[in-house]
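Here is a short note to read with the model open beside you. Take the points one at a time and find each residue as you go.

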Amino acid sequence: MALTEIEYGALASSDVINNNFQYLDDRISNLSETVTSNSAGVSSNIASINSTISALSEDLNSDIEEINTDLGGVKSNLSEYGYLYVNSYFNGTSWYKEYFSDSEKETRVWLEQGGVCSSNSTTVYLKSFKSTDYTLLLGTHCTYYEGGGISGKTATQFSHRNGKGWGYSVNWYACGK
């Protein structure tokens, strides 16, 4: 059925008018069904998107929790081995680095220090070691080095002696707890 055009001023039969109304009613019903169907499809798509977003959000939250746990372990390891909290001091040729396991820097886990000393002298450390169980290395600024070495070490100092009595500077490095 199609819409019948009624000329202006003409009389139309009730059958033509009823057919026109029926045509318009059918078109409105079809349009309403299409809108309802499309609305249901959009609602279904929105529900699907919301479900996907919820699942992604849960996965993301789970991943964030896992990352935070891993970061906590990394921080714990860094802290335990003293790489997180460090004190450093440099002054000319003397220096030290202290590594701590806590942010208050009360529990030292490692100490490195170094400098330059003269031959046949005693050098007092900038920071004391906990015991004599540390490593001490010496090097010289001369090309000929004979008979020199460490003649004694404590937790607070070391002595360097030259067997020949020559005077020269010695680089030193010490590390330990």
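1. Start with Glu112, which sits in strand S3 (residues 108-118); strands here are DSSP runs of E with at least two residues, helices are runs of H or I with at least four, and both are numbered from the N terminus. Glu112 is buried but has no salt bridge. Buried means under 20% relative accessible area, exposed over 50%, and partly exposed in between (1.4 Å probe, protein chains only). A salt bridge needs a side-chain nitrogen of Lys or Arg within 4 Å of a carboxyl oxygen of Asp or Glu. For Glu112, the nearest side chain of opposite charge is Lys97, 6.0 Å away. What does the side chain of Glu112 make a polar contact with? Its partner is the side chain of Tyr173, at 2.6 Å (a polar contact is a pair of N or O atoms within 3.5 Å; within protein, one must be able to donate a hydrogen and the other to accept it, and residues adjacent in sequence count only if both atoms are side-chain atoms).

2. A word on the source: this is a predicted model, where local features need pLDDT of at least 70 and side-chain atom pairs count only at pLDDT 80 or more, while totals for chains, interfaces and linings use all residues. Residues are numbered from 1 along each chain as its sequence is written, and side-chain values use heavy atoms, with hydrogens and water left out.

3. Now step back to the whole chain. The protein chain has 1 helix and 8 strands, in the order α-β-β-β-β-β-β-β-β along the sequence. Of its 177 residues, 20% are buried.

4. Next, look at Lys105, in the loop between strand S2 (94-100) and S3. Its phi is near 55°, a positive value in a residue other than glycine. Most residues other than glycine have a negative phi. Lys105 counts as partly exposed because its relative accessibility is 30%.

5. Is Glu58 buried or exposed? Glu58 lies in helix H1 and is exposed, because its relative accessible area is 58%.

6. Finally, visit the start of the chain. Glu5 is in the segment before H1 and counts as exposed, since its relative accessibility is 75%. Glu5 and Asn20 are 15 residues apart in sequence, and their C-alpha atoms are 8.6 Å apart in space. Leu24 belongs to helix H1 (residues 14-80), and at 40% relative accessibility Leu24 counts as partly exposed.

Note on methods:
Lys, Arg positive; Asp, Glu negative; His and termini not counted.
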